[in-house]
Amino acid sequence: MGAVIAVFNQKGGVGKTTTVINLAVALSRDKHRVLVVDLDPQANTTSGLGLEKITEGGVYSFVLGEEAPFVERSPNLDVIPSSADVAGLEVELSGVEGWQSYLHRALEEYREDYDYVFIDCPPSLGILSLMALATSDYVLIPVQTEYYALEGLGQLSGSIALVQESFNPNLKILGVLLTMSDGRNKLTREVTHQVREYFGDYVFQAVIPRSVKLAEAPSFGKSILEYDRLNKGSFAYKKAAKELVKRRLADG
Ligand code: ATP
Ligand code: MG
C-alpha cells in the first residue's frame, strides 16, 4: 500500500512545490512508483513537471470522484494535474457533509498502484490543505531557513495537531526539510539550529541549498536531476529521497 504524503506548510514560497517535483523524480528514478497529486490551483507542480496547465477536468474532477487524467509524465511517475477550477472547491465543499474525506475516497482504489503518493498543498490552511492532511499517512514540512520561519513553527504544529484531533488521528510527521539554505550565512545557521531544537529528530539530515538552478529548472519543465544533475541541489534532493524511504521503512 502506497504511503500518502502531504507536502504542507501554510506559509507561501517555502519550497513545497520544488520539494514535490524533485523528490517525486528522484524516487521514480530509484524504481519507486510515484503519483503526484497537484492540489494547488497555482498548478506550479503541474507546469514544473513539464505538463500543460488545464482549466478544468484535472484534480477538481478527481476529488469529486469523476473521470480524471493520470498523466504518465516519465517512467514510474504519474501526475494528476491541477486545474484552475480546483480553487472553487474551497467554496463548493464548505458546508458539505464529509468534505474532508472526498480526496481519500477518490484515492482509495489507486493507492496500491503506487509506493508514494505526494500531494502538493496550496499555501493556506483552507479546505484543500485540510482535505490533503485528512487523507494522508504523513506530512512532510518544508521550512525555509530564514528568520520568519521560526515565527510560523508554532502555528504549523498547531495546525497539524488540529488535523490529528479533528479528522485524522493517524497523521504522522514524516519530517521537516530545511530549504533554501545558505551555509555561509550566519542567520541560516542560527535558524537551522533553532528549527532542529524545536523539531528534534524530525528534521531531515539532508538540507536543500539555495541554488539558482533549482529555481530555473521548473521553467524548463524539469526536475533538477534532469536539468543539472551535478548541481548541489540535485545531490541534496537525492539524499532527501533516500532518507524519506528510510524513515518510511522505519515506521513500518
Ligand atoms: P507556494 O506556497 O506559492 O505554493 P512553495 O512553498 O510551493 O510556494 P516553491 O514554489 O517551491 O515554494 O518555491 C518558491 C520559489 O523559490 C520558487 O520561485 C522556487 O523556484 C524558488 N526556490 C525553491 N527552492 C529553492 C532553492 N533551494 N534555491 C533557490 N530557489 C528556490
Ligand atoms: Mg507551491
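**Close-up views of pockets, cavities and contacts**

α1 gives the largest share of the lining of the largest pocket, four residues. The model is predicted: local features need pLDDT of at least 70 and side-chain atom pairs count only at pLDDT 80 or more, while totals for chains, interfaces and linings use all residues. Side-chain values use heavy atoms, with hydrogens and water left out.

View 1. The largest pocket has a volume of about 420 Å³. On a 1 Å grid over the protein atoms alone, a pocket is an open set of points with protein on both sides within 12 Å along at least five of seven lines, a cavity is a set where a 1.4 Å probe fits but cannot get out, and lining residues have an atom within 4 Å of a point. Grid points are joined across faces, edges and corners, and a volume is the space filled by probe spheres set on the points. The pocket is lined by 25 residues, of which Gly-13, Val-14, Gly-15, Thr-18 and Met-180 lie nearest its centre. α1 (16–29) and α9 (212–216) each supply at least two residues of this lining. Helices (H or I, at least four residues) and strands (E, at least two) are DSSP runs, numbered from the N terminus. By class, the lining of the largest pocket has twelve nonpolar, nine polar and four charged residues. Ala, Val, Leu, Ile, Met, Phe, Trp, Tyr, Cys and Pro count as nonpolar, Asp, Glu, Lys and Arg as charged, and the others, Gly among them, as polar.

**View 2. Surroundings of ligand 1.** Of the 17 residues around ligand 1 (a heavy atom within 4 Å), Lys-16, Thr-17, Thr-18, Pro-209 and Ser-211 come nearest. A polar side-chain atom of Thr-18 is 2.5 Å from an oxygen atom of the ligand. For Thr-17, a polar backbone atom lies 2.8 Å from a ligand oxygen, and for Gly-15 a backbone N or O atom lies 3.0 Å from one. Taken alone, ligand 1 exposes 630 Å², and the protein buries 80% of that (Shrake-Rupley method, 1.4 Å probe).

**View 3. The largest cavity.** Two cavities of 30 Å³ or more are found in the whole structure, and the largest holds about 60 Å³ of space. Its lining includes Asn-9, Lys-11, Val-14, Gln-144 and Glu-146. β6 (138–144) and α7 (147–166) are the elements that give two or more residues to this lining; the largest share, four residues, comes from α7. The lining residues divide into five nonpolar, three polar and two charged.

**View 4. The second largest cavity.** About 40 Å³ of space lies in the second largest cavity. Among the residues that line this cavity are Thr-18, Ile-21, Asn-22, Leu-214 and Lys-222. α1 gives the most to the lining, with three residues. Five nonpolar, four polar and one charged residues make up the lining.

**View 5. Contacts of Asp-115.** Asp-115 lies in the loop between α5 (102–108) and β5 (116–120). A polar atom of its side chain is 2.7 Å from the backbone nitrogen of Arg-33. Not counting residues up to four places away in sequence, Asp-115 touches Gly-2, Ala-3, Lys-31, His-32, Arg-33 and Arg-248 (heavy atoms within 4.5 Å).

Note on methods
Residues are numbered from 1 along each chain as its sequence is written. Chains are lettered from A and ligands numbered from 1 in the order in which they are written. A polar contact is a pair of N or O atoms within 3.5 Å; within protein, one must be able to donate a hydrogen and the other to accept it, and residues adjacent in sequence count only if both atoms are side-chain atoms.
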